[in-house]
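Subject: Structure handover

Hello,

Here is the structure I promised you. Please open it and keep it in view while you read.

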Amino acid sequence: MALKAVNVSDVPNLDQVPENNASLYSSRFNSEGMELNVEAASFRAAKFLVIGHRGHGMNIMQSSDSRMEAIKENTILSFNSAAKFPIDFIEFDVQVTKDDCPVIFHDDFIFSQENGTVYEKRVTDLRLEEFLCFGPQKEAGKQGKCLLRKSKDGKILNWNVETDDPFCTLAEAFQKVDSSLGFNIELKFDDNVVYHQHHLTHVLQVILQVVSEYAKDRPIIFSSFHPDAAQLVRKLQNIYPVFFLTNGGTQVYYDSRRNSLEEAINVCLEGGLQGIVSEIKGVFRNPGAVPKIKEAKLSLLTYGKLNNVPEAVCMQHLMGIDGVIVDFVQEISHAVDDMIIKPLNESLKDGNEEGTEAKSKVQFSQQELSFLLKLIPELIQH
């Protein structure tokens with residue numbers, strides 16, 4: 001189903017975000033911060049980045065791990081809870097409502113129940129007022145509509161968490177979330193919908209308008225699984241880095257650009273993007289892609305369940321990966337501090353001034369990498 005083309009004549013021209021938004025580092029980063037070289041289309045992180053997935057971590061209904069049901073994902077509470085730990089960014093999903101308001105929500109549809117009947121509504125078909133009516137409400141004593149969620153196996157479950165919080169807009173996140181925390185803004189589009197370029201342009205410009213108004217000095221990275229949206233947001237602004245999201249070949253899509261790390265490299269080079277965010281299993285199955293990504297002067301971040309295993313995260317650091325998106329923010333941020341940051345700082349204190357450069361130049365032969373990657377099943381048994 002193709003969406004109707006949208007008239008964008010009334011949308012402001014955002015070929016460039018104002019220069020006062022150009023800073024890409026905050027007080028959480030060291031003096032080197034992060035650098036975006038617009039001409040070379042390269043992005044460099046001065047440290048191994050830890051990024052909170054949907055804030056403090058994603059929700060999985062009826063999970064055997066209570067941490068997956070601790071705090072409602074993609075909420076102000078989740079974001080500020082993540083900010084209590086030594087992380088650099090939070091990752092969250094942005095969609096645009098029918099009345100042009102960027103909101104933060106992961107799923108394509110909202111599920112609810114009325115008079116015993118379950119119904120679904122597409123997020124982008126709702127007006128802001130309708131969207132905010134679901135779940136807990138900001139006004140004391142006001143009851144929101146029942147909120148359900150569809151699991152991967154098709155079950156409709158109550159979206160119950162230990163600590164709940166209302167839905168929020170992108171503007172609210174900029175205003176209410178700890179200003180030192182960077183935002184990895186995933187530009188969310190439905191895999192099952194064909195979007196006209198006019199529609200993509202309209203949606204991205206609406207989001208960029210909010211970023212332009214509220215970002216100030218906050219570090220920002222844009223990312224998207226949609227190749228055209230990723231390349232288009234790069235064309236619409238040249239201040240913030242854009243990363244292409246990919247499953248790295250762990251799933252197969254009709255659009256071949258989404259089916260391998262090699263294709264992801266091509267998408268980035270063709271569109272002048274700064275990096276790739278891959279499912280970590282795709283990287284572990286194809287470790288030879290890491291040097292290819294680095295040779296292309298692209299950064300590499302990862303996501304996935306294995307990123308909640310400290311040893312797997314440390315291995316990624318040794319492989320030259322630039323950062324990880326994680327659900328267990330407290331555990332992984334502290335593990336990274338103990339296993340990576342503190343040893344590096346000790347090395348520098350001992351007079352090894354080449355320590356910073358050395359950390360990004362650890363090299364393994366293909367045979368050594370194969371041996372290390374065979375250890376992964378053992379690492380995730382605990």
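Below are my notes, from the whole chain down to single residues.

**Ground rules**

This is a predicted model, in which local features need pLDDT of at least 70 and side-chain atom pairs count only at pLDDT 80 or more, while totals for chains, interfaces and linings use all residues. Residues are numbered from 1 along each chain as its sequence is written, and side-chain values use heavy atoms, with hydrogens and water left out.

**The whole chain**

The protein chain has 13 helices and 16 strands. Both are DSSP runs, numbered from the N terminus: helices are H or I with at least four residues, strands are E with at least two. Of the 382 residues, 55% count as buried. Buried means under 20% relative accessible area, exposed means over 50%, and partly exposed is in between (1.4 Å probe, protein chains only). The chain exposes about 18100 Å², and carbon and sulfur atoms supply 48% of that. Such areas come from the Shrake-Rupley method with a 1.4 Å probe; for residues, only the protein chains shown count as cover.

Now contacts, meaning heavy atoms within 4.5 Å. Take those in the chain with a separation of 6 or more: residues 24 or more positions apart account for 68% of them.

**Helix α9 and what follows**

Look at α9, residues 310-319. Seven of its 10 residues are buried. Among them are Val313, Cys314 and Gln316. Next comes Gly320, with a positive phi near 100 degrees.

Then find Ile321, in the loop between α9 and β16 (323-326). Is Ile321 buried or exposed? Ile321 has a relative accessible area of 3%, so it counts as buried. Leaving out residues up to four places away in sequence, Ile321 touches Phe48, Ile280, Val283, Leu300, Thr302 and Gln316.

**Ser278**

Ser278 sits in strand β14 (residues 275-279). Its relative accessibility is 0%, so Ser278 is buried. Beyond neighbours within four places in sequence, its contacts include Thr246, Leu261, Val283 and Tyr303.

**Salt bridges**

A salt bridge is a side-chain nitrogen of Lys or Arg within 4 Å of a carboxyl oxygen of Asp or Glu. The whole structure holds 18 of them.

- Asp88 and Lys47: their closest N and O atoms are 2.9 Å apart. Asp88 is in the loop between α1 (76-82) and β4 (89-96), and Lys47 is in the loop between β2 (42-45) and β3 (49-53), 41 residues apart. Asp88 is buried, at 2% relative accessibility.
- Glu172 and Lys138: the N to O distance is 2.2 Å. Glu172 lies in helix α3 (residues 170-176) and Lys138 in the loop between α2 (128-131) and β8 (148-150), so the pair ties together parts 34 residues apart in sequence. Glu172 is buried, with a relative accessible area of 12%.
- Lys294 and Asp322: the N to O distance is 2.5 Å. Lys294 is in helix α8 (residues 289-295) and Asp322 is in the loop between α9 and β16, 28 residues apart. Lys294 is partly exposed at 32%, whereas Asp322 is buried at 14%.

There is also a network of salt bridges linking Arg54, Glu73, Asp107 and Arg149.

Best wishes
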